[in-house]
Amino acid sequence: MEKLRLRFAPSPTGALHIGGVRTALYNYLLAKKHGGAFILRIEDTDQARFVPGAEAYIKEALEWFGLVPDEGPGYGGDHGPYRQSERKEQYRKYTTQLIESGRAYYAFDTPEELAAQREKEPNFKYDGRVRMQMKNSLTLSGEEVERALSEGVSYVIRLKAPENETVNFQDIVRGQVAFDSNELDDKVLLKADGMPTYHMANVVDDYLMEITHVIRGEEWLSSTAHHVLLYRSLGWESQMPAFAHLPLILRPDGKGKLSKRDGARFGFPVFPLAWKGKTEEDSFTGFREYGFLPDAAINFLALLGWNPGTEQELFSLDELVEAFSVERINKSGTRFDIDKAKWFNQQYIIKADAGDLLEKVRPIIAAHGYEPGDDFLLGFIGLMQERAITLDDFWENGYFFFEKPREYDTKVIQKRWDPERKGLFDELADQLDTLENYTADQIKAQTEAFINDKGLKFGEVLPMLRLGAAGTMKGPAIFEMMELLGKEETSRRLRQAFAFFDQIKLESN
RNA sequence: GGCCCGUUCGUCUAGGGGUUAGGACGCCAGAUUUUCAUUCUGGUAACACGGGUUCGAUUCCCGUACGGGCUACCA
(Lines give C-alpha, C1' and ligand atoms only; values in the text may rest on other atoms or scores of the structure.)
Protein backbone atom coordinates (compact mmCIF):
# COMPACT_ATOMS: atom_id res chain seq x y z
CA MET A 1 0.00 0.00 0.00
CA GLU A 2 1.32 3.41 -0.86
CA LYS A 3 2.04 5.81 1.90
CA LEU A 4 -1.02 7.41 3.40
CA ARG A 5 -1.30 11.17 3.28
CA LEU A 6 -4.03 12.97 5.21
CA ARG A 7 -4.67 16.61 5.68
CA PHE A 8 -6.44 18.76 8.19
CA ALA A 9 -7.59 21.85 6.34
CA PRO A 10 -9.06 24.52 8.58
CA SER A 11 -10.02 27.99 7.53
CA PRO A 12 -8.32 30.76 9.53
CA THR A 13 -11.50 32.61 10.38
CA GLY A 14 -11.13 32.54 14.15
CA ALA A 15 -10.60 30.05 16.92
CA LEU A 16 -10.49 26.39 16.00
CA HIS A 17 -13.75 24.75 17.02
CA ILE A 18 -13.62 21.58 19.09
CA GLY A 19 -15.31 19.68 16.25
CA GLY A 20 -12.38 20.73 14.08
CA VAL A 21 -10.03 19.30 16.65
CA ARG A 22 -11.79 15.97 16.44
CA THR A 23 -11.50 16.04 12.65
CA ALA A 24 -7.81 16.80 12.99
CA LEU A 25 -7.47 13.97 15.50
CA TYR A 26 -9.06 11.36 13.24
CA ASN A 27 -6.88 12.46 10.35
CA TYR A 28 -3.84 12.26 12.59
CA LEU A 29 -4.78 8.84 13.93
CA LEU A 30 -5.33 7.25 10.54
CA ALA A 31 -2.12 8.75 9.17
CA LYS A 32 -0.02 7.62 12.12
CA LYS A 33 -1.57 4.20 12.29
CA HIS A 34 -0.19 3.48 8.85
CA GLY A 35 3.02 5.42 9.11
CA GLY A 36 1.66 8.12 6.84
CA ALA A 37 1.84 11.89 6.86
CA PHE A 38 -0.42 14.30 8.71
CA ILE A 39 -0.58 17.57 6.84
CA LEU A 40 -1.84 20.98 7.87
CA ARG A 41 -3.24 23.09 5.06
CA ILE A 42 -4.58 26.56 5.63
CA GLU A 43 -7.69 27.28 3.58
CA ASP A 44 -7.54 31.05 3.48
CA THR A 45 -9.40 31.67 0.25
CA ASP A 46 -12.01 33.91 1.82
CA GLN A 47 -10.37 37.28 2.14
CA ALA A 48 -13.40 38.79 3.83
CA ARG A 49 -13.42 36.32 6.66
CA PHE A 50 -9.67 36.10 7.18
CA VAL A 51 -8.69 36.73 10.78
CA PRO A 52 -5.09 37.52 11.70
CA GLY A 53 -3.79 35.25 14.41
CA ALA A 54 -6.12 32.41 13.59
CA GLU A 55 -3.41 30.36 11.92
CA ALA A 56 -1.12 30.73 14.91
CA TYR A 57 -4.00 29.72 17.14
CA ILE A 58 -4.66 26.60 15.08
CA LYS A 59 -1.04 25.53 15.29
CA GLU A 60 -0.81 26.20 19.00
CA ALA A 61 -3.97 24.21 19.60
CA LEU A 62 -2.79 21.23 17.57
CA GLU A 63 0.54 21.26 19.33
CA TRP A 64 -1.09 21.49 22.73
CA PHE A 65 -2.91 18.28 21.93
CA GLY A 66 0.24 16.69 20.57
CA LEU A 67 -1.12 16.55 17.03
CA VAL A 68 1.97 17.95 15.40
CA PRO A 69 1.79 18.13 11.59
CA ASP A 70 4.45 16.48 9.47
CA GLU A 71 3.92 19.07 6.75
CA GLY A 72 2.35 22.47 6.73
CA PRO A 73 3.16 26.16 6.93
CA GLY A 74 6.16 26.35 9.23
CA TYR A 75 6.47 22.57 9.40
CA GLY A 76 8.27 21.95 6.12
CA GLY A 77 7.25 19.41 3.50
CA ASP A 78 7.78 19.21 -0.24
CA HIS A 79 4.19 19.69 -1.34
CA GLY A 80 3.90 23.35 -0.39
CA PRO A 81 3.06 26.08 -0.20
CA TYR A 82 0.48 25.02 2.37
CA ARG A 83 -1.56 28.19 2.37
CA GLN A 84 -4.11 28.34 -0.40
CA SER A 85 -3.68 32.08 -0.80
CA GLU A 86 -0.17 31.26 -1.98
CA ARG A 87 -1.32 28.78 -4.60
CA LYS A 88 -3.51 30.96 -6.79
CA GLU A 89 -1.71 30.12 -10.07
CA GLN A 90 -2.52 26.45 -9.63
CA TYR A 91 -6.23 27.05 -9.32
CA ARG A 92 -6.26 29.40 -12.27
CA LYS A 93 -4.36 26.90 -14.33
CA TYR A 94 -6.84 24.11 -13.70
CA THR A 95 -9.98 26.21 -13.99
CA THR A 96 -8.69 27.37 -17.36
CA GLN A 97 -8.20 23.74 -18.27
CA LEU A 98 -11.81 23.07 -17.34
CA ILE A 99 -13.00 25.93 -19.49
CA GLU A 100 -11.04 24.65 -22.43
CA SER A 101 -12.48 21.19 -22.08
CA GLY A 102 -15.99 22.63 -21.81
CA ARG A 103 -16.53 21.50 -18.22
CA ALA A 104 -16.69 25.04 -16.90
CA TYR A 105 -17.65 28.47 -18.17
CA TYR A 106 -17.32 32.16 -17.48
CA ALA A 107 -20.28 33.80 -15.77
CA PHE A 108 -20.78 37.54 -15.69
CA ASP A 109 -23.86 37.79 -13.52
CA THR A 110 -23.14 40.23 -10.72
CA PRO A 111 -23.76 39.38 -7.08
CA GLU A 112 -26.49 42.02 -7.11
CA GLU A 113 -28.24 40.41 -10.05
CA LEU A 114 -28.12 37.03 -8.39
CA ALA A 115 -29.39 38.45 -5.13
CA ALA A 116 -32.28 40.07 -6.99
CA GLN A 117 -33.00 36.76 -8.68
CA ARG A 118 -33.17 34.98 -5.32
CA GLU A 119 -35.39 37.72 -4.02
CA LYS A 120 -37.92 36.99 -6.76
CA GLU A 121 -37.48 33.27 -6.58
CA PRO A 122 -36.42 31.98 -3.16
CA ASN A 123 -35.52 28.54 -4.49
CA PHE A 124 -33.38 29.88 -7.27
CA LYS A 125 -30.46 27.68 -8.11
CA TYR A 126 -27.82 28.44 -10.73
CA ASP A 127 -28.01 25.09 -12.52
CA GLY A 128 -28.61 23.35 -15.83
CA ARG A 129 -32.20 24.53 -15.99
CA VAL A 130 -31.40 28.22 -15.80
CA ARG A 131 -27.86 28.63 -17.01
CA MET A 132 -29.01 29.38 -20.56
CA GLN A 133 -31.02 32.33 -19.26
CA MET A 134 -28.06 33.83 -17.49
CA LYS A 135 -25.20 36.03 -18.54
CA ASN A 136 -22.30 33.72 -19.28
CA SER A 137 -19.99 32.36 -21.93
CA LEU A 138 -22.62 29.78 -22.84
CA THR A 139 -25.19 32.39 -23.76
CA LEU A 140 -23.00 35.23 -24.99
CA SER A 141 -21.25 35.14 -28.33
CA GLY A 142 -17.55 34.38 -28.41
CA GLU A 143 -16.92 37.94 -29.39
CA GLU A 144 -18.87 39.37 -26.47
CA VAL A 145 -17.06 37.11 -24.08
CA GLU A 146 -13.70 38.13 -25.47
CA ARG A 147 -14.58 41.77 -25.16
CA ALA A 148 -15.87 41.43 -21.61
CA LEU A 149 -12.74 39.59 -20.61
CA SER A 150 -10.40 42.09 -22.22
CA GLU A 151 -12.29 45.03 -20.74
CA GLY A 152 -11.84 43.58 -17.32
CA VAL A 153 -15.51 42.92 -16.61
CA SER A 154 -15.82 41.06 -13.36
CA TYR A 155 -16.54 37.35 -13.76
CA VAL A 156 -16.51 34.03 -11.99
CA ILE A 157 -15.87 30.59 -13.39
CA ARG A 158 -18.58 28.04 -12.82
CA LEU A 159 -18.64 24.27 -13.08
CA LYS A 160 -21.00 23.03 -15.77
CA ALA A 161 -22.89 20.28 -14.03
CA PRO A 162 -23.74 17.45 -16.44
CA GLU A 163 -27.28 16.33 -17.22
CA ASN A 164 -28.92 13.02 -16.43
CA GLU A 165 -26.08 11.36 -14.65
CA THR A 166 -25.93 9.66 -11.34
CA VAL A 167 -22.91 10.76 -9.40
CA ASN A 168 -22.06 8.28 -6.72
CA PHE A 169 -19.14 7.58 -4.50
CA GLN A 170 -18.18 5.30 -1.68
CA ASP A 171 -18.01 6.93 1.70
CA ILE A 172 -16.07 4.93 4.26
CA VAL A 173 -18.53 5.88 6.99
CA ARG A 174 -21.77 5.79 5.04
CA GLY A 175 -21.30 3.38 2.19
CA GLN A 176 -22.49 4.35 -1.25
CA VAL A 177 -23.97 7.82 -1.59
CA ALA A 178 -25.69 8.87 -4.80
CA PHE A 179 -26.76 12.17 -6.32
CA ASP A 180 -28.72 12.99 -9.46
CA SER A 181 -26.56 15.38 -11.45
CA ASN A 182 -29.66 17.36 -12.45
CA GLU A 183 -29.94 18.38 -8.80
CA LEU A 184 -26.42 19.72 -8.73
CA ASP A 185 -25.92 23.45 -9.22
CA ASP A 186 -23.20 25.10 -11.26
CA LYS A 187 -20.87 25.84 -8.38
CA VAL A 188 -18.55 28.79 -8.55
CA LEU A 189 -15.01 27.49 -8.92
CA LEU A 190 -13.08 30.72 -9.20
CA LYS A 191 -14.35 33.89 -7.56
CA ALA A 192 -14.24 37.37 -9.01
CA ASP A 193 -11.28 38.24 -6.81
CA GLY A 194 -9.26 35.48 -8.43
CA MET A 195 -9.44 33.21 -5.41
CA PRO A 196 -10.85 29.72 -5.78
CA THR A 197 -13.82 28.53 -3.78
CA TYR A 198 -13.39 25.67 -1.34
CA HIS A 199 -14.65 23.19 -3.92
CA MET A 200 -12.00 23.94 -6.48
CA ALA A 201 -9.14 24.53 -4.07
CA ASN A 202 -9.76 21.41 -2.08
CA VAL A 203 -9.79 19.17 -5.15
CA VAL A 204 -6.74 20.73 -6.75
CA ASP A 205 -4.74 20.69 -3.55
CA ASP A 206 -5.72 17.19 -2.51
CA TYR A 207 -4.59 16.03 -5.92
CA LEU A 208 -1.33 17.96 -5.98
CA MET A 209 -0.55 17.10 -2.39
CA GLU A 210 -1.26 13.45 -3.12
CA ILE A 211 -3.85 13.16 -0.40
CA THR A 212 -5.09 9.58 -0.07
CA HIS A 213 -7.94 10.00 2.44
CA VAL A 214 -10.23 12.91 3.12
CA ILE A 215 -11.72 12.83 6.59
CA ARG A 216 -13.98 15.81 7.15
CA GLY A 217 -17.28 16.84 8.71
CA GLU A 218 -20.66 15.74 7.43
CA GLU A 219 -21.43 19.28 6.32
CA TRP A 220 -19.33 18.43 3.25
CA LEU A 221 -21.24 15.37 2.26
CA SER A 222 -23.66 17.22 -0.01
CA SER A 223 -20.96 18.95 -1.99
CA THR A 224 -18.85 15.84 -2.42
CA ALA A 225 -20.74 15.06 -5.63
CA HIS A 226 -19.35 18.30 -7.07
CA HIS A 227 -15.89 17.29 -5.98
CA VAL A 228 -16.23 13.92 -7.65
CA LEU A 229 -17.31 15.71 -10.83
CA LEU A 230 -14.24 17.88 -10.60
CA TYR A 231 -11.92 14.91 -10.24
CA ARG A 232 -13.53 13.35 -13.28
CA SER A 233 -13.41 16.51 -15.35
CA LEU A 234 -9.77 17.05 -14.55
CA GLY A 235 -8.95 13.47 -15.45
CA TRP A 236 -7.90 12.61 -11.93
CA GLU A 237 -10.56 10.10 -11.01
CA SER A 238 -8.11 7.26 -10.52
CA GLN A 239 -6.26 9.36 -7.96
CA MET A 240 -9.33 10.53 -6.13
CA PRO A 241 -8.91 10.17 -2.37
CA ALA A 242 -11.18 8.00 -0.27
CA PHE A 243 -13.83 9.98 1.60
CA ALA A 244 -14.99 9.62 5.18
CA HIS A 245 -17.60 12.06 6.43
CA LEU A 246 -17.77 12.39 10.17
CA PRO A 247 -20.99 12.74 12.15
CA LEU A 248 -21.45 16.24 13.49
CA ILE A 249 -20.97 17.16 17.11
CA LEU A 250 -24.33 18.41 18.33
CA ARG A 251 -25.41 20.79 21.05
CA PRO A 252 -26.10 19.18 24.43
CA ASP A 253 -29.81 19.74 23.85
CA GLY A 254 -29.57 18.15 20.42
CA LYS A 255 -30.76 21.23 18.58
CA GLY A 256 -28.28 21.61 15.78
CA LYS A 257 -24.54 21.39 15.53
CA LEU A 258 -22.42 22.74 18.31
CA SER A 259 -21.45 26.30 17.57
CA LYS A 260 -19.08 28.78 19.13
CA ARG A 261 -21.87 30.58 20.94
CA ASP A 262 -22.88 27.38 22.71
CA GLY A 263 -19.90 27.56 25.02
CA ALA A 264 -21.30 30.61 26.73
CA ARG A 265 -24.83 29.31 26.47
CA PHE A 266 -24.16 26.02 28.23
CA GLY A 267 -21.26 27.05 30.43
CA PHE A 268 -18.39 24.98 29.12
CA PRO A 269 -15.63 25.45 26.58
CA VAL A 270 -16.06 24.53 22.93
CA PHE A 271 -12.58 25.68 21.97
CA PRO A 272 -9.23 24.15 22.84
CA LEU A 273 -7.58 27.40 23.93
CA ALA A 274 -8.80 30.80 24.92
CA TRP A 275 -9.43 33.17 22.04
CA LYS A 276 -9.39 36.91 22.29
CA GLY A 277 -11.58 38.33 19.57
CA LYS A 278 -12.32 41.91 18.75
CA THR A 279 -15.31 41.97 21.03
CA GLU A 280 -16.35 40.36 24.27
CA GLU A 281 -18.91 38.42 22.26
CA ASP A 282 -16.19 37.00 20.08
CA SER A 283 -13.86 36.00 22.91
CA PHE A 284 -13.90 32.57 24.41
CA THR A 285 -12.32 30.48 27.09
CA GLY A 286 -10.79 27.14 26.19
CA PHE A 287 -10.36 23.64 27.46
CA ARG A 288 -6.87 24.53 28.57
CA GLU A 289 -7.98 27.51 30.62
CA TYR A 290 -10.88 25.51 32.00
CA GLY A 291 -8.34 23.19 33.60
CA PHE A 292 -8.43 20.28 31.18
CA LEU A 293 -5.44 18.10 30.45
CA PRO A 294 -4.83 17.77 26.69
CA ASP A 295 -4.64 13.98 26.85
CA ALA A 296 -7.97 13.81 28.61
CA ALA A 297 -9.61 16.10 26.08
CA ILE A 298 -8.21 14.02 23.24
CA ASN A 299 -9.44 10.81 24.83
CA PHE A 300 -12.90 12.29 25.22
CA LEU A 301 -12.97 13.62 21.67
CA ALA A 302 -11.74 10.36 20.19
CA LEU A 303 -14.71 8.52 21.63
CA LEU A 304 -17.19 11.08 20.34
CA GLY A 305 -18.20 9.29 17.18
CA TRP A 306 -15.78 6.40 17.26
CA ASN A 307 -15.31 3.37 19.49
CA PRO A 308 -12.70 0.65 19.56
CA GLY A 309 -15.16 -2.23 19.76
CA THR A 310 -13.76 -3.21 23.14
CA GLU A 311 -14.69 -1.94 26.56
CA GLN A 312 -11.53 0.05 27.01
CA GLU A 313 -12.26 3.73 27.66
CA LEU A 314 -8.94 5.22 28.63
CA PHE A 315 -6.49 5.67 25.77
CA SER A 316 -3.24 7.56 25.43
CA LEU A 317 -2.63 9.16 22.04
CA ASP A 318 -0.34 6.27 21.11
CA GLU A 319 -2.96 3.75 22.15
CA LEU A 320 -5.52 5.59 20.05
CA VAL A 321 -3.22 5.39 17.06
CA GLU A 322 -2.95 1.68 17.65
CA ALA A 323 -6.67 1.06 18.15
CA PHE A 324 -8.11 3.45 15.58
CA SER A 325 -9.90 2.37 12.46
CA VAL A 326 -12.11 4.45 10.16
CA GLU A 327 -14.52 1.55 9.78
CA ARG A 328 -15.61 1.98 13.38
CA ILE A 329 -16.61 5.61 13.03
CA ASN A 330 -20.31 6.10 13.73
CA LYS A 331 -22.87 7.53 11.38
CA SER A 332 -25.14 9.48 13.64
CA GLY A 333 -24.63 12.88 15.20
CA THR A 334 -23.15 13.02 18.65
CA ARG A 335 -24.12 15.30 21.48
CA PHE A 336 -21.43 17.05 23.39
CA ASP A 337 -21.53 15.77 26.97
CA ILE A 338 -19.43 17.90 29.26
CA ASP A 339 -19.98 15.55 32.21
CA LYS A 340 -18.26 12.76 30.33
CA ALA A 341 -15.42 15.11 29.41
CA LYS A 342 -15.00 16.01 33.07
CA TRP A 343 -14.94 12.37 34.05
CA PHE A 344 -12.10 11.73 31.63
CA ASN A 345 -10.20 14.68 33.01
CA GLN A 346 -10.68 13.47 36.55
CA GLN A 347 -9.39 10.02 35.59
CA TYR A 348 -6.30 11.56 34.03
CA ILE A 349 -5.59 13.74 37.04
CA ILE A 350 -5.96 10.80 39.40
CA LYS A 351 -3.65 8.52 37.49
CA ALA A 352 -1.01 11.16 36.76
CA ASP A 353 2.24 11.22 38.70
CA ALA A 354 2.28 14.17 41.05
CA GLY A 355 5.49 15.21 39.35
CA ASP A 356 3.78 15.40 35.97
CA LEU A 357 1.15 17.67 37.42
CA LEU A 358 3.66 19.99 39.06
CA GLU A 359 4.10 22.43 36.20
CA LYS A 360 0.40 22.45 35.44
CA VAL A 361 -0.68 23.22 38.97
CA ARG A 362 2.06 25.70 39.78
CA PRO A 363 0.70 28.50 37.56
CA ILE A 364 -2.77 28.08 38.96
CA ILE A 365 -1.48 28.56 42.48
CA ALA A 366 0.79 31.37 41.33
CA ALA A 367 -2.21 33.14 39.83
CA HIS A 368 -3.46 33.53 43.38
CA GLY A 369 -0.18 34.95 44.56
CA TYR A 370 1.56 31.92 46.05
CA GLU A 371 4.84 30.38 44.99
CA PRO A 372 5.43 27.34 47.14
CA GLY A 373 8.53 25.16 46.83
CA ASP A 374 8.46 21.94 44.88
CA ASP A 375 8.30 19.69 47.93
CA PHE A 376 5.30 21.47 49.33
CA LEU A 377 3.57 21.56 45.94
CA LEU A 378 4.24 17.88 45.35
CA GLY A 379 2.80 17.01 48.75
CA PHE A 380 -0.20 19.21 48.04
CA ILE A 381 -0.83 17.60 44.65
CA GLY A 382 -0.55 14.14 46.14
CA LEU A 383 -3.17 15.00 48.73
CA MET A 384 -5.53 16.76 46.32
CA GLN A 385 -5.39 14.86 43.06
CA GLU A 386 -8.15 12.46 43.98
CA ARG A 387 -10.31 15.45 44.74
CA ALA A 388 -9.87 17.45 41.55
CA ILE A 389 -11.91 17.20 38.39
CA THR A 390 -10.23 20.10 36.64
CA LEU A 391 -6.86 21.66 37.36
CA ASP A 392 -8.63 24.67 38.83
CA ASP A 393 -10.09 22.45 41.51
CA PHE A 394 -6.65 22.19 43.07
CA TRP A 395 -7.07 25.78 44.11
CA GLU A 396 -10.82 25.81 44.56
CA ASN A 397 -10.84 22.81 46.85
CA GLY A 398 -7.44 23.23 48.41
CA TYR A 399 -6.74 26.95 48.75
CA PHE A 400 -6.43 26.52 52.51
CA PHE A 401 -3.05 24.90 52.03
CA PHE A 402 -1.74 28.33 51.07
CA GLU A 403 -3.68 30.73 53.21
CA LYS A 404 -5.74 30.42 56.33
CA PRO A 405 -9.36 29.46 55.92
CA ARG A 406 -11.49 32.33 54.68
CA GLU A 407 -14.54 30.99 56.42
CA TYR A 408 -15.58 28.19 58.67
CA ASP A 409 -18.46 25.85 58.21
CA THR A 410 -20.66 27.33 60.89
CA LYS A 411 -23.27 24.60 60.66
CA VAL A 412 -20.74 22.12 61.90
CA ILE A 413 -19.61 24.47 64.64
CA GLN A 414 -23.15 24.96 65.84
CA LYS A 415 -23.70 21.28 65.90
CA ARG A 416 -20.46 19.97 67.31
CA TRP A 417 -18.51 22.65 69.16
CA ASP A 418 -18.86 22.56 72.90
CA PRO A 419 -17.44 25.67 74.62
CA GLU A 420 -17.00 23.63 77.78
CA ARG A 421 -14.32 21.72 76.00
CA LYS A 422 -12.31 24.61 74.65
CA GLY A 423 -9.76 24.06 77.38
CA LEU A 424 -9.38 20.48 76.30
CA PHE A 425 -8.75 21.43 72.70
CA ASP A 426 -6.21 24.03 73.70
CA GLU A 427 -4.49 21.37 75.73
CA LEU A 428 -4.37 19.11 72.68
CA ALA A 429 -2.89 21.96 70.69
CA ASP A 430 -0.26 22.39 73.39
CA GLN A 431 0.61 18.72 73.27
CA LEU A 432 0.90 18.72 69.48
CA ASP A 433 3.24 21.69 69.74
CA THR A 434 5.67 19.55 71.68
CA LEU A 435 6.09 17.04 68.88
CA GLU A 436 9.66 16.73 67.65
CA ASN A 437 8.75 15.22 64.31
CA TYR A 438 5.59 16.81 63.03
CA THR A 439 4.61 13.91 60.81
CA ALA A 440 1.18 12.48 60.15
CA ASP A 441 2.06 9.37 62.13
CA GLN A 442 3.29 11.29 65.14
CA ILE A 443 0.37 13.69 65.12
CA LYS A 444 -2.00 10.79 64.89
CA ALA A 445 -0.34 8.89 67.74
CA GLN A 446 -0.33 11.94 69.97
CA THR A 447 -3.94 12.74 69.20
CA GLU A 448 -5.05 9.18 69.85
CA ALA A 449 -3.27 9.09 73.14
CA PHE A 450 -4.93 12.34 74.11
CA ILE A 451 -8.36 11.07 73.12
CA ASN A 452 -7.95 7.90 75.13
CA ASP A 453 -6.54 9.75 78.06
CA LYS A 454 -9.47 12.13 78.23
CA GLY A 455 -12.09 9.53 77.50
CA LEU A 456 -13.19 11.29 74.31
CA LYS A 457 -14.33 9.91 70.98
CA PHE A 458 -12.64 10.36 67.62
CA GLY A 459 -15.81 11.86 66.26
CA GLU A 460 -15.70 14.56 68.89
CA VAL A 461 -12.17 15.62 68.16
CA LEU A 462 -11.16 15.00 64.58
CA PRO A 463 -13.85 17.11 62.96
CA MET A 464 -12.79 20.07 65.09
CA LEU A 465 -9.17 19.67 64.05
CA ARG A 466 -10.23 19.49 60.43
CA LEU A 467 -12.47 22.49 60.73
CA GLY A 468 -9.80 24.44 62.56
CA ALA A 469 -7.13 23.72 59.99
CA ALA A 470 -9.17 23.94 56.80
CA GLY A 471 -12.44 25.65 57.62
CA THR A 472 -14.37 22.96 55.83
CA MET A 473 -15.29 19.36 56.39
CA LYS A 474 -14.17 18.50 52.88
CA GLY A 475 -10.56 17.61 52.34
CA PRO A 476 -7.69 15.16 52.54
CA ALA A 477 -6.75 13.03 55.54
CA ILE A 478 -6.50 15.39 58.48
CA PHE A 479 -3.14 14.31 59.86
CA GLU A 480 -1.45 14.41 56.49
CA MET A 481 -2.91 17.82 55.96
CA MET A 482 -1.49 19.01 59.27
CA GLU A 483 1.91 17.59 58.46
CA LEU A 484 2.06 19.42 55.16
CA LEU A 485 0.86 22.66 56.73
CA GLY A 486 3.59 22.31 59.36
CA LYS A 487 3.57 22.65 63.11
CA GLU A 488 3.71 26.39 63.37
CA GLU A 489 0.95 27.15 60.88
CA THR A 490 -1.29 24.38 62.14
CA SER A 491 -0.88 25.43 65.73
CA ARG A 492 -1.69 29.03 64.93
CA ARG A 493 -4.77 28.05 62.96
CA LEU A 494 -6.09 25.71 65.61
CA ARG A 495 -5.76 28.21 68.44
CA GLN A 496 -7.39 30.98 66.47
CA ALA A 497 -10.15 28.66 65.31
CA PHE A 498 -10.99 27.34 68.74
CA ALA A 499 -11.36 30.87 70.03
CA PHE A 500 -13.48 31.74 67.03
CA PHE A 501 -15.70 28.69 67.51
CA ASP A 502 -16.44 29.85 71.03
CA GLN A 503 -17.34 33.26 69.77
CA ILE A 504 -19.74 31.86 67.14
CA LYS A 505 -21.39 29.69 69.70
CA LEU A 506 -21.75 32.52 72.21
CA GLU A 507 -23.17 34.93 69.67
CA SER A 508 -25.82 32.47 68.70
CA ASN A 509 -27.00 31.99 72.27
C1' G B 1 -39.50 23.73 -0.17
C1' G B 2 -35.61 20.47 -2.70
C1' C B 3 -31.47 17.13 -2.12
C1' C B 4 -28.41 14.17 1.17
C1' C B 5 -27.56 11.71 5.89
C1' G B 6 -29.21 9.64 10.33
C1' U B 7 -32.55 7.18 14.56
C1' U B 8 -30.48 1.15 20.73
C1' C B 9 -31.11 3.51 28.23
C1' G B 10 -31.26 11.08 29.79
C1' U B 11 -26.06 11.06 27.20
C1' C B 12 -21.82 8.26 24.60
C1' U B 13 -22.22 3.47 22.70
C1' A B 14 -21.71 -2.54 21.92
C1' G B 15 -24.57 -5.97 19.50
C1' G B 16 -27.20 -8.27 15.76
C1' G B 17 -32.68 -12.74 12.53
C1' G B 18 -33.81 -16.66 18.17
C1' U B 19 -29.54 -12.45 23.83
C1' U B 20 -31.91 -12.01 30.92
C1' A B 21 -30.26 -6.37 24.64
C1' G B 22 -23.81 -5.62 27.19
C1' G B 23 -20.50 -1.43 28.79
C1' A B 24 -19.39 3.82 30.13
C1' C B 25 -21.06 8.83 31.97
C1' G B 26 -24.96 10.80 34.94
C1' C B 27 -28.43 9.72 38.77
C1' C B 28 -30.01 6.68 43.25
C1' A B 29 -28.68 3.18 47.25
C1' G B 30 -25.08 0.44 50.11
C1' A B 31 -19.88 -0.80 51.69
C1' U B 32 -14.98 1.30 52.73
C1' U B 33 -12.68 5.95 54.39
C1' U B 34 -15.12 8.68 61.77
C1' U B 35 -14.74 14.33 56.55
C1' C B 36 -14.79 14.96 51.31
C1' A B 37 -12.99 12.54 47.22
C1' U B 38 -11.27 7.88 45.46
C1' U B 39 -12.45 2.65 45.24
C1' C B 40 -16.00 -1.39 45.35
C1' U B 41 -21.11 -3.49 45.10
C1' G B 42 -26.02 -3.02 43.61
C1' G B 43 -30.09 -0.29 41.26
C1' U B 44 -32.71 2.98 37.58
C1' A B 45 -33.18 3.23 32.33
C1' A B 46 -33.24 1.87 25.48
C1' C B 47 -34.05 -1.03 20.21
C1' A B 48 -39.05 5.97 17.13
C1' C B 49 -43.71 4.22 14.62
C1' G B 50 -46.42 1.37 10.71
C1' G B 51 -46.24 -2.21 7.09
C1' G B 52 -43.80 -6.21 4.86
C1' U B 53 -39.96 -10.67 4.36
C1' U B 54 -39.49 -14.80 7.86
C1' C B 55 -41.17 -20.28 11.84
C1' G B 56 -39.12 -15.90 14.32
C1' A B 57 -37.47 -9.31 13.80
C1' U B 58 -34.62 -4.58 17.69
C1' U B 59 -31.48 -6.66 13.65
C1' C B 60 -33.22 -7.21 6.50
C1' C B 61 -36.70 -4.23 2.97
C1' C B 62 -40.35 -0.23 2.19
C1' G B 63 -42.92 3.75 4.07
C1' U B 64 -44.04 7.46 8.03
C1' A B 65 -42.44 10.46 11.90
C1' C B 66 -38.62 12.91 14.11
C1' G B 67 -33.61 14.88 14.07
C1' G B 68 -29.42 16.80 11.45
C1' G B 69 -26.64 18.72 7.18
C1' C B 70 -26.48 21.29 2.56
C1' U B 71 -29.10 24.51 -0.56
C1' A B 72 -23.35 31.82 -1.00
C1' C B 73 -18.51 34.82 -5.69
C1' C B 74 -18.25 30.98 3.32
C1' A B 75 -15.55 27.24 4.49
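Predicted model: local features only at pLDDT ≥ 70, side-chain atom pairs only at ≥ 80, totals over all residues.
Let me begin with the hairpin, which is formed by β5 and β6 with 3 residues between them, and in which the two strands pair in the antiparallel sense over 6 bridges.

Moving on to the loop between β6 (175-180) and β7 (188-190), I would like to stop at Ser181. Is Ser181 buried or exposed? Its relative accessibility is 1%, and because buried means under 20%, Ser181 counts as buried. Leaving aside residues up to four places away in sequence, Ser181 touches Ala161, Pro162, Glu163, Asn164, Glu165 and Val167, and with Asn164 there is also a polar contact, in which the side chain of Ser181 reaches the backbone nitrogen at 3.4 Å.

Finally, please turn to helix α18, residues 458-470, whose 13 residues reach 18 Å from the first C-alpha to the last, close to the 18 Å expected at 1.5 Å a residue. This helix is mostly covered, with 10 of its 13 residues buried, including Leu462, Met464, Leu465 and also Arg466. What do the buried residues of α18 pack against? They pack against α15 (410-416), α16 (422-433), α17 (440-454), α19 (478-485) and α20 (487-508). Just after α18 comes Gly471, which takes a positive phi of about 85 degrees.

How values were computed: Residues numbered from 1 in each chain as written. Chains lettered and ligands numbered in written order. Heavy atoms only, no water. Helix = DSSP H or I, 4+ residues; strand = E, 2+ residues; numbered from the N terminus. Buried < 20%, exposed > 50% of the residue type's maximum accessible area, 1.4 Å probe, protein only. Polar contact = N/O pair within 3.5 Å; in protein donor to acceptor, adjacent residues only side chain to side chain. Contact = heavy atoms within 4.5 Å. Expected span 1.5 Å × (residues − 1). Pairing = 2+ DSSP bridges.
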